[in-house]
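Hi there,

Here is the structure I promised to pass on. Have a look at it first, and then read my notes below.

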Amino acid sequence: MLKERVLTAVVLVLVLLGVMLGLPPVATVYLITLLVLVGAWEWAGFIRPNSLPMRVAFLAVVAACLYVGWRFVLDSAWMWHVMLAATVWWFIALLWIMLAPGRVPPCFTTSVDES
């Protein structure tokens, strides 16, 4: 399992370097968007791994946020606000990961039916 994760990380770093150094801006936006959506799909598995509608809903919300953020970033006056919102979100996500293992609400836990 660790070997697969390390291999995935190496491949993604190489892809990111290729994106940063070689692709035109439009292709970079599409590729990064795709990578973020794939990551959101995996992240949604933490919410409720066996619930396809929950994962799809989470992916739709992330896609909508990406689109709205992109529209705001087109106007440079909004760039600061988008960066602030992103920074706040990543800080909340960090706290969530640090505190979540001991404080997960019952609505996010999965029950296993052993019948």
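This is a predicted model: local features need pLDDT of at least 70, side-chain atom pairs count only at pLDDT 80 or more; totals for chains, interfaces and linings use all residues.

The protein chain holds 4 helices and 0 strands, so its pattern along the sequence reads α-α-α-α. Of its 115 residues, 10% count as buried. The chain exposes about 9500 Å², and carbon and sulfur atoms supply 76% of that area. Among contacts between residues at least 6 apart in sequence, 31% join residues at least 24 apart.

Now to the pair. Two packed helices are described by the angle between their axes and the distance between the axes. For helix H2 (residues 25–47) and helix H3 (residues 52–73), the axes come within 9 Å and cross at roughly 145 degrees. The crossing of H2 and H3 is right-handed. On the H2 side, the residues in contact include Val36, Leu37, Trp41 and Trp43; on the H3 side, Phe58, Leu59 and Val62 are among them. The residues of this contact divide into 15 nonpolar, 2 polar and 2 charged.

Which residues of H2 are buried? They are Ala40, Ala44, Gly45 and Ile47, and the buried residues of H2 pack against H3.

One last check, on length: H2 has 23 residues, so at 1.5 Å a residue H2 should span 33 Å. The end C-alpha atoms of H2 are 33 Å apart, which agrees.

Enjoy exploring!

Best wishes

Key
Residues are numbered from 1 along each chain as its sequence is written. Side-chain values use heavy atoms; hydrogens and water are left out. Axes are lines fitted to C-alpha atoms, for helices over the stretch in contact, and angles run from 0 to 180 degrees between N-to-C directions. Helices (H or I, at least four residues) and strands (E, at least two) are DSSP runs, numbered from the N terminus. A crossing is left-handed if the near helix is turned anticlockwise from the far one by less than a right angle, and right-handed if clockwise. Contact means heavy atoms within 4.5 Å. Ala, Val, Leu, Ile, Met, Phe, Trp, Tyr, Cys and Pro count as nonpolar, Asp, Glu, Lys and Arg as charged, and the others, Gly among them, as polar. The expected span of a helix is 1.5 Å times one less than its number of residues. Buried means under 20% relative accessible area, exposed over 50%, partly exposed in between (1.4 Å probe, protein chains only). Accessible areas come from the Shrake-Rupley method with a 1.4 Å probe; for residues, only the protein chains shown count as cover.
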